[in-house]
Amino acid sequence: MVRRACSIFNLFFITILFAAFGKLSKAADSNSFEDNFSKSCPDNNFKTSDDESTWYLSLDKQAGCGFITKQRYRFGWFSMKLKLVGGDSAGVVTAYYMCTENAAGPERDELDFEFLGNRSGQPYLLQTNVYKNGTGGREMRHSLWFDPTEDFHSYSILWNNHQIVFFVDRVPIRVYKNANYTNNFFPNEKPMYLFSSIWNADDWATRGGLEKTDWEKAPFVSSYKDFTADGCQWEDPFPACVSTTTDNWWDQNNAWHLSEDNKRDYAWVRRNLVIYDYCKDTERYPTLPEECWLSPWD
């Protein structure tokens, strides 16, 4: 009787989960901005294409622009195609990131893509970072193997309880593993929103703040399309994401490690494109953070 009662409960629970995931898929499959996001900027700083499939965020001297998903997620695959500000973009940062709070709160977890603008003819730098409970300092900077201002490219995050992987056009550029660190520096407990924004950061973004934003070149425009969120949608008071289930591809064994092809691509990126790695910065960290001791292949 107990076994049958448990089976009935499990069937009921699974039915509820499938209903939740069905709702998630419907929302995530829509490319409508209104279905997925809320914006935070003056109307003049946000525009869409005629078919509303492409979104344009602009920065001028008065304001930048940003948006946030209406849903929070815990684990999954999250992707967006971006085309960055062309020409002289020194001082301008386009950010695409995940964060647990709708503000830079002192206890936030965060996973960052930040695109650091530069003077005309100079390449963009891509900075990634990981925060746990308000502490970051895990920056890496990469050059790219293409001009990100000429066309759209995909930027994606795979997040599960085993690893966080940052991808550019499906090429892994950074892997952050969960190895049960004693410092507990792996963000896996809190659900996150997805954000993007364009803003002025000429106090640090380009050559450490030496290159300032040239406002005569404004407005600066970043373009977005093809948002994908294949993840566990967090819904209070009984979220389905409180434990892993391995029901989804991004939470199964193949997503816990890089594939052999991914490993080859990742090795090439590490050899050729890494500009800065906090794990190599012994002046900043005389004692390196614990996760720096781990091989990228573990």
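Two strands count as paired if DSSP finds at least two bridges between them. Helices (H or I, at least four residues) and strands (E, at least two) are DSSP runs, numbered from the N terminus. The model in the viewer is predicted: local features need pLDDT of at least 70, side-chain atom pairs count only at pLDDT 80 or more, and totals for chains, interfaces and linings use all residues. Residues are numbered from 1 along each chain as its sequence is written, and side-chain values use heavy atoms, with hydrogens and water left out.

**The sheet**

Now extend the selection to the open sheet of seven strands, in the order β2-β3-β14-β5-β10-β11-β12, with antiparallel pairing. Because β2 (46–48) and β12 (171–177) stand at the edges with a single partner strand each, one side of each has no neighbour in the sheet. On average, neighbouring strands here are turned by 25° against each other, direction ignored. Axes are lines fitted to C-alpha atoms, for helices over the stretch in contact, and angles run from 0 to 180 degrees between N-to-C directions.

Next select residues 260–272, helix α3, which packs on the sheet and touches β11 and β12; contact means heavy atoms within 4.5 Å. The direction of α3 makes about 90° with that of β12.

**An aromatic pair**

Select tyrosine 96 and phenylalanine 113, a stacked pair with 6.0 Å centre to centre and 5° between the planes. Rings of Phe, Tyr and Trp (its six-membered ring) pair if their centres lie within 6.5 Å; planes under 30 degrees apart count as stacked, over 60 as edge-to-face and the rest as tilted. Tyrosine 96 is in strand β6 (residues 92–99) and phenylalanine 113 in strand β7 (residues 110–116), so the pair ties together parts that are 17 residues apart in sequence. The whole structure holds 27 aromatic pairs.

**Backbone stops in the loops**

Go to alanine 218 and proline 219, joined by a cis peptide bond with omega of about 5°. Proline 219 sits in the loop between β13 (193–200) and β14 (220–234).

Another cis peptide bond joins aspartate 236 and proline 237, with omega of about 5°. Proline 237 belongs to the loop between β14 and α3.

Finish at asparagine 133, in the loop between β8 (125–131) and β9 (140–142). Asparagine 133 is not a glycine, yet has a positive phi of about 50°.
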